[in-house]
Amino acid sequence: MAEQIRNIKGTKDLLPSESRLWLETESIIHNFMSLHGYSLVRTPIFEKTELFSRSIGQETDIVNKEMYTWTDLDGSSLTLRPELTASVVRSYIQNHLGNQSPLQRMYYIDSSFRRERPQKGRQRQFTQFGVEAIGSSTPEQDVEIILIASRIYQMLGIEDLEININSIGSSDSRSKYSEALVDFLRGHEKELSDISQTRLNKNPLRILDSKSEKDIKILEDAPLISDYLNKDDSRNFDQILTLLDDLGITTIKNPKLVRGLDYYNGMTFEILSNNIGAQSALCGGGRYDKLVEYLGGKSTPAVGFAAGLERLILLLKEKENSLISNYADIYIISLDEKAIPYSFSIADKLRNKLGIKVVCETLRRSMKAQLREANKNNSKFTIIVGEDEIKSNKVIIKNMEDGNQINASIDDIENHFGVDYEYK
Ligand code: HAM
């Protein structure tokens, strides 16, 4: 036998047994976004490397060590996108979307690539769904974004979530804070983890995100960004918190929430779950008012978030009443070869007239095996077709939930299944 070729570490196949849950979840997300007035945007899977290094930041983990980058035949450096915000902003500028409307509300569901150490909820190819609202600087726009993020989980029945929120302020507040933080940390430089010692010179705010026990201990006494926000920053943040409160959205102020990408200013947030192991961040986002200008467009405020779809699916799978669905509402059991054309035409009719999922047996298994298949798949009904049934132009409809059976005429079989597949 030829040697098997396996997939690349950190990537996963979406198998038929899971694809329905994915499709249903994606379809709920599409509907949800459109309910909020957001339109789908799709950008290429690879871009010029500079797009990401300039927007996410040279000294971030993503750009430094996690990007899939290569030199193309013409010598240009290309990268598989590690996230979508930079690509969406590039597209917004390039396609003059700002001229079409003062506010563009966009969303996406697409793959991203980061060369991280794979573990539960962390892959090298993963799917992000996210929204970007480009054009508004108001606190209500921030709130709309957080509202969408929180409601989508709520609607899917995901509980035990924590919304962490912070303001990292405008660049002048941040640089004053950064100085104070560096001053403080210099006093503990030798005790800091190696990575934080390096970050102290290159990207000190990222130290706040350190997972090292030693660092966390030291940071307990570190100055807080909230004490360095200027008046406008503070007022803006207060308005966001008040609006969220009015909407009944509970948040936890976390002054150490800095996020791993450099383009943020002002409000940042993350939604965490305690139920998916170490990779607890379900989604993250915030304001990035300077990015459009930084990438060559007109100065335009923006805010958004992105969420890991794999992490959401992990939670949905753990829920008992998860969205796991069946592949056929009606399974048509053929008792012999003669029944095959009848089962096909009944299936055709039911699909076309009622738009419901119907599958016919094509393995010629025993009736017992076919019933088992229908049960395994949670089919609501089976229709049993055999020689006797054909002769009398009648089939048996079996309700798989209560076991009741009736005889039904083939000619008006569709009348036995109402909109809600009511059993008549
Ligand atoms: P991010 O925090 O880097 O933000 O990623 C957002 C979400 O993507 C994370 O909370 C997580 O659920 C998921 N994620 C990230 N890396 C992985 C991975 N290796 N495997 C599985 N899931 C992962 C951004 O990407 C920003 N673009 C968010 C944003 C949009 N900010 C403003 N607009």
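Q: Which residue of β6 stands opposite Tyr 108?
A: In this predicted model, Tyr 108 has Gly 130 of β6 as its opposite residue.

Q: What makes β5 and β6 a strand pair?
A: Two strands are called paired if there are at least two bridges between them. Strand β5 (residues 104–113) and strand β6 (residues 125–134) are joined by 10 bridges, so they meet that condition. The two strands run antiparallel. In general, strands of a sheet pair through backbone hydrogen bonds, either parallel or antiparallel.

Q: What is the strand order of the open sheet that has eight strands?
A: The order is β1-β5-β6-β11-β10-β9-β7-β8, and the pairing is mixed.

Q: Why are β1 and β8 called edge strands?
A: β1 (39–40) and β8 (252–253) each pair on one side only, and this makes them the edge strands.

Q: Why is strand β15 described as largely enclosed by the rest of the structure?
A: A residue counts as buried when its relative accessible area is under 20%. Five of the six residues of β15 (residues 394–399) are buried, and the strand is therefore largely enclosed.

Q: What makes β14 and β16 pairing partners of β15?
A: The condition is again at least two bridges. Strand β14 (residues 381–385) is joined to β15 by four bridges, and the two run antiparallel. Strand β16 (residues 405–409) pairs with β15 over five bridges, also in the antiparallel sense. Both pairs therefore qualify.

Q: Which residue takes a positive phi in the hairpin of β15 and β16?
A: Gly 403 does, with a phi near 80°, in a hairpin that has five residues between the strands.

Q: Which residues have a positive phi although they are not glycines?
A: Arg 259, with a phi of about 70°, is one of them. Asn 378, with a phi of about 60°, is another.

Q: Why does Arg 259 count as buried?
A: The limit for buried is under 20% relative accessible area. Arg 259 has 12% relative accessibility, so it counts as buried. Arg 259 is in the loop between β8 and β9.

Q: Why is Asn 378 called exposed?
A: Exposed requires over 50% relative accessible area. Asn 378 has 54% and is therefore exposed. Asn 378 lies in the loop between α14 (367–376) and β14.

Q: Why does Ser 55 count as buried?
A: Its relative accessibility is 3%, against a limit of under 20%, so Ser 55 is buried. This serine lies in helix α2.

Q: Which residues is Ser 55 in contact with, leaving aside neighbours within four places in sequence?
A: They are Ala 86, Asp 262, Tyr 263, Leu 291 and Leu 295.

Q: Why does Gly 10 count as buried?
A: At 13% relative accessibility, Gly 10 falls in the class under 20%, and so it is buried. Gly 10 lies in the segment before α1 (16–35).

Q: How far apart are Gly 10 and Arg 124 in sequence and in space?
A: They are 114 residues apart in sequence and 4.6 Å apart in space, C-alpha to C-alpha. Not counting residues up to four places away in sequence, Gly 10 touches Pro 118, Gln 123, Arg 124 and Gln 125.

Q: What volume does the second largest pocket have, and which residues are closest to its centre?
A: The volume is about 770 Å³. Of the 34 residues that line this pocket, Gly 169, Ser 171, Arg 174, Tyr 264 and Asn 265 are the closest to its centre.

Q: Which element supplies the largest share of the lining of the second largest pocket?
A: The largest share, five residues, comes from α10. Elements that each supply at least two residues include α2 (49–56), α7 (171–186) and β9 (265–273).

Q: How many residues of that lining are nonpolar, polar and charged?
A: The lining of the second largest pocket has 12 nonpolar, 12 polar and 10 charged residues.

Key. Residues numbered from 1 in each chain as written. Predicted model: local features only at pLDDT ≥ 70, side-chain atom pairs only at ≥ 80, totals over all residues. Heavy atoms only, no water. 1 Å grid on protein atoms, 1.4 Å probe; cavity = no way out; pocket = protein on both sides within 12 Å on 5 of 7 lines; lining within 4 Å. Points joined across faces, edges and corners; volume = space filled by probe spheres on them. Nonpolar A, V, L, I, M, F, W, Y, C, P; charged D, E, K, R; others polar. Buried < 20%, exposed > 50% of the residue type's maximum accessible area, 1.4 Å probe, protein only. Contact = heavy atoms within 4.5 Å.
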